[in-house]
Every structure is written in C-alpha cells, then in structure tokens.
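Hi,

Here is the structure I promised to send over. Have a look at it first, and my notes on the charged pairs follow below.

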Amino acid sequence: MRINQTFLEEFIFFGFSAYLEWQIVLFVCFFFVYLLTLTGNLVIMALTWVDHALHIPMYLFLAALSFSETCYTLAIIPKMLIDLMAKNRSISIPGCALQMFFFLGLGGTNCIILTVMGFDRFLAICHPLRYPTLMTNKACGQLVASAWIGGFFVSSTETILIFWGSFCGPNLIKQFFCHMRAVAKLSCLNSYLKEIIVTVISESALLGTFLFIILTYVFILSTVLKIPSAEGRKKAFSTCASHLTVVIIHFGFAAIVYLKPEAQEGDDALITVPYTVVTPFLSPIIFTLRNKDMKNSLKRVLDKKVALTR
C-alpha cells in the first residue's frame, strides 16, 4: 500500500511524448489510416446488407466483425488524435474506466468472433451435409450475441478489479489510451497483484481463443488433405485464407502487447500501435481484396450504381 501519496482525479497520457517533433506527422498518418479503416469496415457492412448473395453465415460473421472493429477503433483513435494536437492530454478517472471497458470488451468480442468464424469454416468443410441445419440464421445471431456477452463479461471483470479503490501519483500513463497494466500500476492498494491478475485473465482469454482456432484448422487441414483433386483442395482452403491471415496478424500483435515486458520511455505506445491501429486497418483490406465473393459483390454494386446514373 502506498502512503503519503495524493489521490488522483485524472490521468495524463504521455505515450508519444518522446516523439514531440513527430506529432503532426503521426496525426496525419493515424488520421488517414483511421479514415481508411472506417471506410473499409463500412463497405463490408454495406455490401453484406444490400447483396443477398452475401447473406450466408461466413459474411454475416464478417459484417459482425467489421461492426465490432468499427466500435473498437472509436473507443481509442479519436481521443488519440485529439491528444496528438493538444497540450492537455488528460482523461478523468471515470472517462478512463469507460474507455478501458469498451476497449477490452470490444477487443474480446473481436477475438471471439474470429473464433466463431473459424468454427463456421470447420463446420462448412468438415461437415458440409449438416452445415445448413447447424449454422442457421438463428444460430449465427446466438453466436454473435455470445461473442459480445463473453467479451464484455471479461471486460467488466477486469475494469471493476482495476478501478476498485483509489489511485496514487504520479498520474502519468506511458500510453495513448487507458491500457489495463499501465492503469493498474497506479492503484494505491495491491497494484502489483491487480496487474498480475488482469494480465493472467487477458492472456488466458487470448490463448484460449487462439488454441480453439488452431484446433479447428487442424481438423480443416486434415479434411482438405483427403480431397482427391488438387483443384478441390485449393477451392476448399481458399475460403479460409483471408480468415487465417487476419487471425495470424490479430493474435500475433496481441501477443506482443500482452506478453512483452514493459518498455522504456515512449516505446510502450509504439508497440501497441500495431494492435490498436494497424490490425483494424488491415482486417477489412484482407477480407475484401483476398475474397472473390466480396470483390464480385463490390463490382455488382458499382456497376448497378453506374447504370442508374446514366
């Protein structure tokens, strides 16, 4: 327990303070990446909504992921952009708790939806005859709802644990958002224990979903290798390529954030940029550019729009 410390009412971010001469450059880069991220996710959601050919479980889950990632970036990036151009980079303790709650909840939701997407591919490839009866619209809705419930259950647990009690100075957070370990360090009581517990919870959830995805792909690979023709094997695995690529990027960057030791100076902020900014940016690009159905759908919608304007 810390003694002779002032109880805090706000935190101050100084994640990019070591790069003051690059503030404008960082703002411009992050701003355009954010716009492209929003555009990509909105395109996926719009195409899934208007094109009936995409009203199948795989693309319904993709639209759910795009919506979740859009909300996820809204919880972090706008505040980061404002702080890059502002002198006062503070956030109130209730505001910090709210940001952490949505950041962790939506991040957890993304992980679970990616897991559900892997399970969907497992059923489609390994149990094609039973797939239409197992993966109904009702089942899709229940799985997406479960992803949100699971993500925010973990988020609620961690946020309540971290913000239970008071915080002591210094009130500096070596990040550009309310990262759970950075905030837990400032707790007046049992800060080290809180940091350990929330880290174990996050790593367990991350590892659990990742191992489940790996298990589904073991079964998928086993089934695909039994297909006699090379063309059949290629067609079966092509439906998984985009998802597998996003999984590797998402969980790879997440592992760096949650498994690495704390860095010095402003490096902690730079290391979390790939997970909080780059991953949501790459995800819609990979799912659209590497997906034949999405590209064909976009072409149909654009052709229809051109025809209407003539």
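**Salt bridges in the model**

There are 4 salt bridges in this structure. Please keep in mind that the model is a predicted one. I describe some of the pairs here, including where their partners sit.

Let me start with helix 2, which covers residues 57-84 and holds both Asp-83 and Lys-79. Their side chains form a salt bridge, with 3.3 Å from N to O. The two residues are 4 apart, about one turn of the helix. Buried or exposed, where does Asp-83 fall? Asp-83 has a relative accessibility of 5%, so it counts as buried. Lys-79, with a relative accessible area of 22%, is partly exposed.

Next comes the pair of Arg-121 and Asp-120, a salt bridge whose closest N and O atoms are 3.0 Å apart. Arg-121 counts as buried because its relative accessibility is 8%. Asp-120 is buried too, and its relative accessible area is 1%.

The last pair I want to show you is Lys-185 with Glu-195, where the side chains meet in a salt bridge at 3.2 Å, N to O. Lys-185 sits in the loop between helix 6 (180-184) and helix 7 (191-224), while Glu-195 belongs to helix 7, so this pair ties together parts that lie 10 residues apart in sequence. Glu-195 has a relative accessible area of 14% and is buried.

Conventions: Residues are numbered from 1 along each chain as its sequence is written. This is a predicted model: local features need pLDDT of at least 70, side-chain atom pairs count only at pLDDT 80 or more; totals for chains, interfaces and linings use all residues. Side-chain values use heavy atoms; hydrogens and water are left out. Buried means under 20% relative accessible area, exposed over 50%, partly exposed in between (1.4 Å probe, protein chains only).
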